Amino acid sequence: MMINRNKLLKDSESFKNVEKDLAYIVSKIAQDDKLLKLLCLKENQSEPLTEQEKKEVLKECVNIVPIVTEDIMSDKGWSDITIQFSQFVRNGDNPEHRDKFLVFNVICNLDTVNMQDFKLRPYQIAGRLDALFDKKALCGSYSINFLTAETIAYDEDTLGVSLVYSVTYFNSADRNDEE
C-alpha cells in the first residue's frame, strides 16, 4: 500500500491553525477594555487602562496553556481566563480541516465574585467573552457558536464558569457575509 506523503503532511498541518486562532482570540480580548478591567478588578475605573496595564493583565490573567495548577490565580487576586481547544474531529465536508471545541474557563477568587446589584464577576466576564466570540468567524473559514456553560470551582477559594463553543469549518463560497 502506497502512502501519499503530501496528503499526510497536509493533514498534520491542519493543527497549525491553533496558534493563529489563539493569537486572534488573545488579540480580541486585549481590545476589550471592559473585560480587562473585570479581570484586574478595576471595573469602576472610568479612564481606560494604559498599554502597560493591558500587557500586565494579559500576562497575569489570560492563559493559553490549558492546565489548572494551584498557582494559576494571579498573586494580586485578579481573575483568570484559560483558553483551550479540544475534541478535534475531521470536518465532514472538507476532511483537510478539523472542527473543534473552544473552551474558556473563567476562574475568580471567591472574595471578588460578588460585585454589586446581584452581579457576579464570573458571569460578567463570561458575558464579555460571549459578546466577543459567539456567532463570529475565527481565522480562516471557521465559525464560532455557543454550545454550553457551567459553573466550576477548582477549590474552596475559587469559583467560575466554563464556556464551550463549537468551531466549525465552512466553505467561504457558501457563506452569507451579512454579519
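Rings of Phe, Tyr and Trp (its six-membered ring) are paired here if their centres lie within 6.5 Å, and planes under 30 degrees apart count as stacked, over 60 as edge-to-face and the rest as tilted. This is a predicted model, in which local features need pLDDT of at least 70 and side-chain atom pairs count only at pLDDT 80 or more, while totals for chains, interfaces and linings use all residues. Residues are numbered from 1 along each chain as its sequence is written, and side-chain values use heavy atoms, with hydrogens and water left out.

Select F104, F133, F146 and Y165, which ring pairs link into a cluster; the count of aromatic pairs comes to four. One of them joins F146 and Y165 edge-to-face, at 5.6 Å centre to centre and 75° between the planes. Because F146 lies in strand 5 (residues 142–152) and Y165 in strand 6 (residues 158–169), this pair ties together parts that are 19 residues apart in sequence; strands (E, at least two residues) and helices (H or I, at least four) are DSSP runs, numbered from the N terminus. Y165 is buried at 0% relative accessibility, whereas F146 is partly exposed at 37% (buried is under 20% relative accessible area, exposed over 50%, partly exposed in between, with a 1.4 Å probe and protein chains only).
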